[in-house]
Amino acid sequence: MAHPKDRSGLTRRQVLRGAAGSAIGLSAAGLLAGCENTTTPLGVGGGPTSAASKLVVQKPLGPGGLPLPRPDNAVTWAITPENEPIKDGKPVERGPLRAYNYANYIDPATVKKFEDQYHTSVQIATYNSADEAIAKLAAGAVAFDVIIGLAGSNIVDLIAHKLLQPLNHSYLPNLSKNIWPDLQDPFYDRGDRYTVPYTVWSDGIGWRNDKVSEDIPSMPVPWDIFWHSQQYRGLVGLLDDKRDALAMPMQRDAMRTGIRPDLNTEDKTIIDNAEHELSQLTSICNIKVTITDFQTLPEGKTVLHHSWSGDLLAGAFYYMPKGVKPSVLSYWGPKANGVVQNDFFCIGRTAKSPVLAHAFLNFFLDETNAYNNFINYNGYAPPQNGIDAEALIKRGLIPKTLTEALVRPDQFAANQELLQLSVEGERLWDDAWSRFKAG
Amino acid sequence: MVEVQGGLGLGSRWTWRALALPGVAWLTVFFLIAFYAVLCVAFGNQDSLSQPVPFWNPLDWNVGYFLSVMHDIFHNGPFLTVFIRTIVFVVIAMALCLVVGYPVAYFAARHAGRWKGLVLVLLIVPFWINYLMRMLAWINLLSPGGWGTRILHGLGIEWIFLHLGLLSNPGGWLDGQQSTVILALVYGYIPFLILPLFAALDRIDQRQIEAARDLGASSFSAFLRVTLPLSVPGILAGVVLVALPMFGDYYTPDLVSASTKTNMIGNQIDEFTRQGSEKVSGAVLTILLSLLLLVLMAYYLRTTRRAGQEAGAEG
């Protein structure tokens, strides 16, 4: 059956006839004589017009008609005359530096060190979701020097809304010195023209190895554990994020069949199938949909969770109750064909202290500062060449059971990022997620 | 002389009307205009960046998203499931609020005597603590091994819930139980019901009850025929005060359950408006929820006005 929103091509007359069974719908439509009837967003539509374009399979376009970055469709964002990077060698402004970040996503002590070093103050405002951040930035409600924590799935929105200013790499020597080579030239922002990486993580399974008896990593398809979790009913969690959550059954199916999944698919059948499989978890284990696994797993309020790797590390660092060892936490992440992500730093187009903003970015690209931010507070690892899991395990900072929670460069390359979709694609994922969440 | 009195009366009338101005201005800015904005978003569109584009002119309104949501509801879609679940949760929670709250309000108003002030303070005390804080406290109390869980187990209440199928496993109060969400709603909102009920019961003229007893009514019969009917406006006020926030609640299910089986319409609205590409659908659901509440409110106003008229006629 076609989804209700597939009716956007119908005329108003047809829709009114079709809705005859719906008294309220009819009365509303009747009252609104002369109104339009569409669920097609403004500015969407139109296809290839030239003869040459018919010779190419068209790729979906993102918000604002911009290209959607993919590993096989790398994008170099243009630097326009009205929005050029700052010139070389400018003096650092006094500040204050205004930063916009997720709550509790940067180490206050490391920020204080920056303040002391640059004799300035850093004012951090927080947002709860990327959508909220972009909506507020786009509305001009907030203006910041530095924006922290957005990801490749937001880059098109940021560019389309003209929210970023290009970076001048002469102020960022630590980028080429310390950061993984792949992320110095990511496909979503070739040449790191507008962004520099902040953290990396993977999607995987977090569990309490003292309460879950199964050897999850040894299972042919570890994701199956969620569909065999009847005995942990009420203690199982799923990430409350439509992309991560729906991508999980997609990975499971792909592992079973041995194919490489497209975790940024816009195929309605695949998305609906993922929703169907997720819905089974409601009856199997009454799955909780949360992002508090960093706390609930250490406390034992959940024992099995679909998790971001950084949450397990943060849990091990800071949320273990008294008398519970961090080694009770385990994490498994797929070596390939799973989800990896990276958050980035960027500088706001209306930055009042752009040189100071560059200094801030370079400061957090420094190995020691990045390490302190990760180990002392954040739990989400920076993609620094000098930070590796073995060294951290040897120093006793990370239990062996969480080795896989630290993403390696080869793992990052073999997995997929969840990226921005076309408007229609986004809607398909939203619809599926809404159906799942309705229970 | 008459002219002077008339002049004073006119001035006085305008003075009283002027006093209403701040309230009217407040409602206009923060309710009517805000509500009209939501309406314009619900009957608007969104741009290619998935941001809502309100259509301010009603003649331009786009009914596509509204019809889409209505289609979902009338074709047994997920919105219908959530709407029905929300109504069931709220009706049960309201009934429980009444069952628990009425005796408390009755005792405080009619039998607390010199302790009336203390009882009132105790009723108001929960308001001193933020709703969210109170709910977060329950998460610890109801966790496995928590004090609340142990007490419920010790009192045999857990056993009753398990045997009635309202709890799936021992100690699993936070395992995504519908019963826990309903009880949390009752706990969170019951003071809003008790206070207007107390006020209504306290206002009842004792002589009317005494008259009923003098005419041979038993105490129970006097309660049933005099006290209860006279407290109906208080019951209705309490029910409305409780129902309105309950219908829009989304953080209670989030905090004490987080299961998809307990999601209410507020959760859907929150999901749509806070993130994703369906902000217009979120506005449509907000309008539909408002319509539902409007029906409740209209019934309350009609009943209280009729009660007022009857009281006036008797007077």
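In the predicted model, buried residues account for 38% of the 315 residues of chain B. The fold of chain B comprises 15 helices and two strands, and its C-alpha trace extends over about 70 × 70 × 35 Å along the principal axes. In chain A, 47% of the 439 residues count as buried. Chain A contains 15 helices and nine strands. When contacts between residues at least 6 apart in the sequence of chain A are considered, 79% of them join residues at least 24 apart.

The confidence of the prediction was examined for the complex and for each chain. The model has an ipTM of 0.81 and a pTM of 0.83. For chain A the mean pLDDT is 86, with 88% of the residues reaching 70 or more. Residues 1–33 of chain A form a stretch in which pLDDT stays under 50; for this stretch the model has 34 contacts beyond four places in sequence. For chain B the mean pLDDT is 87, and 95% of the residues reach 70 or more. Among the elements of chain B, the lowest mean pLDDT, 65, belongs to helix H1 (residues 2–19), and the highest, 93, belongs to H4(B).

Helix H4 of chain B, which covers residues 78–111, takes part in two of the helix pairs described here. In one pair, H4(B) packs with helix H12 (residues 232–248) of chain B at an angle of about 140°, the two axes lying 10 Å apart. This angle makes H4(B) oblique to H12(B). The crossing of the two helices, H4(B) and H12(B), is right-handed. On the side of H4(B), the contact is made by Thr86(B), Val90(B), Ala93(B), Met94(B), Cys97(B), Leu98(B) and Gly101(B). H12(B) contributes Ile235(B), Gly238(B), Val239(B), Val242(B), Ala243(B), Met246(B) and Phe247(B). By class, the residues of this contact between H4(B) and H12(B) comprise eleven nonpolar and three polar residues, with no charged ones.

In the other pair, the axes of helix H3 (residues 64–74) of chain B and H4(B) come within 6 Å and cross at roughly 70°. H3(B) is therefore roughly perpendicular to H4(B). Val69(B), Asp72(B) and Ile73(B) of H3(B) meet Pro78(B), Phe79(B), Leu80(B) and Phe83(B) of H4(B) in this contact. The residues of the contact of H3(B) with H4(B) include six nonpolar and one charged, and no polar residue is present among them.

A further pair in chain B is formed by helix H5 (residues 116–128) and helix H9 (residues 178–203), which pack at an angle of about 145° with their axes 10 Å apart. The crossing of H5(B) and H9(B) is left-handed. Leu123(B), Pro126(B) and Phe127(B) of H5(B) make the contact with Pro191(B), Ile194(B) and Leu195(B) of H9(B). The contact of H5(B) with H9(B) consists of six nonpolar residues, with no polar and no charged ones.

Between the chains, 53 residues of chain A are in contact with 44 residues of chain B. The elements of chain A that give two or more residues to the side touching chain B are helix H2 (23–31), helix H4 (130–138), helix H5 (155–160), strand S6 (288–290) and helix H15 (423–437). H15(A) gives the most to this side of chain A, with eight residues. By class, the side of chain A that touches chain B has 20 nonpolar, 19 polar and 14 charged residues.

Within chain A, one charged residue was considered individually. Asp343(A) is found in strand S9 (residues 340–347) of chain A. Because 23 other C-beta atoms lie within 10 Å, Asp343(A) is buried; the cut-off for this class is 20 or more. Residues up to four places away in sequence aside, Asp343(A) touches Gly149(A), Leu150(A), Ala151(A), Tyr198(A) and Thr199(A).

Note on methods. Residues numbered from 1 in each chain as written. Chains lettered and ligands numbered in written order. Predicted model: local features only at pLDDT ≥ 70, side-chain atom pairs only at ≥ 80, totals over all residues. Axes fitted to C-alpha atoms, helices over the stretch in contact; angles between N-to-C directions. Helix = DSSP H or I, 4+ residues; strand = E, 2+ residues; numbered from the N terminus. Parallel < 35°, antiparallel > 145°, perpendicular 65-115°, else oblique. Left-handed = near helix turned anticlockwise from the far one by under 90°. Contact = placed C-beta atoms within 7 Å. pLDDT = per-residue confidence, 0-100. Buried ≥ 20, exposed ≤ 12 C-beta atoms within 10 Å, placed from the backbone.
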